[in-house]
Amino acid sequence: METVTLTGRLYGKEVDVEVPVYGRCPLCGGWVYASSQKAYGCTNFHKNKCPLTIWKEYGGLLLPEEAVEDLLARGETDRLDGFVTRDGARRYSARLRLEDGRVVFVRGDAAPRETAAPADE
């Protein structure tokens with residue numbers, strides 16, 4: 001995990017803070033960090049109202065930090081075990097995918113999305 005220095009205002013004074021980041025925002029290119037106890041957000045939220053939010057819990061499962069890094073780097077996680085149905089009756093496995101800045105479930109045996117390999121220059 002990388003750390004960046006962010007500048008903000010605290011009690012009317014400009015301060016620099018070292019913040020661990022999980023990757024770049026796919027919507028605006030800002031850094032994604034743990035913005036609250038419940039979510040990861042983009043550093044550009046206040047500057048340009050970037051709407052990216054990745055909740056720390058989906059379907060009763062607390063996301064591992066590696067899953068957040070995978071979402072940002074690849075657009076999708078590996079299969080995660082331990083999601084719970086809304087009625088709490090059963091557990092299931094799924095992958096999570098970022099689509100237009102929103103996290104969606106990918107259930108079943110759907111193949112992971114192909115990502116284009118970078119061109120060699």
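Thr77 sits in the loop between helix 2 and strand 8 (80-84). Helices (H or I, at least four residues) and strands (E, at least two) are DSSP runs, numbered from the N terminus. The model is predicted: local features need pLDDT of at least 70, side-chain atom pairs count only at pLDDT 80 or more, and totals for chains, interfaces and linings use all residues. Residues are numbered from 1 along each chain as its sequence is written, and side-chain values use heavy atoms, with hydrogens and water left out.

Is Thr77 buried or exposed? Thr77 is buried, with a relative accessible area of 2%. Buried means under 20% relative accessible area, exposed over 50%, partly exposed in between (1.4 Å probe, protein chains only). Leaving aside neighbours within four places in sequence, Thr77 is in contact with Ala67, Asp70, Leu71, Arg95 and Leu96. Contact means heavy atoms within 4.5 Å. Thr77 and Arg97 are 20 residues apart in sequence, yet 6.5 Å apart in space, C-alpha to C-alpha.

## The whole chain

The protein chain holds 2 helices and 10 strands. Along the sequence they follow the pattern β-β-β-β-α-β-β-β-α-β-β-β. Of the 121 residues, 35% are buried.

## An open sheet

In what order do the 5 strands of the open sheet stand? The order is 1-2-3-4-5, and the pairing is antiparallel. Two strands pair if DSSP finds at least two bridges between them. Strand 1 and strand 5 (53-55) stand at the edges with a single partner strand each, so one side of each has no neighbour in the sheet. The twist averages 40° from one strand to the next.

Strand 3 (residues 31-34) and strand 4 run antiparallel, joined by 3 bridges. Tyr33 stands opposite Gly41 in strand 4. Helix 2 (residues 65-74) packs on the sheet and touches strand 2, strand 3, strand 4 and strand 5. The direction of helix 2 makes about 80° with that of strand 2. Axes are lines fitted to C-alpha atoms, for helices over the stretch in contact, and angles run from 0 to 180 degrees between N-to-C directions.

## The largest pocket

The largest pocket has a volume of about 410 Å³. Of its 22 lining residues, the closest to the centre are Leu6, Tyr33, Cys42, Thr43 and His46. On a 1 Å grid over the protein atoms alone, a pocket is an open set of points where a 1.4 Å probe fits, with protein on both sides within 12 Å along at least five of seven lines; lining residues have an atom within 4 Å of a point. Grid points are joined across faces, edges and corners, and a volume is the space filled by probe spheres set on the points. Strand 1 gives the largest share of the lining, 5 residues.
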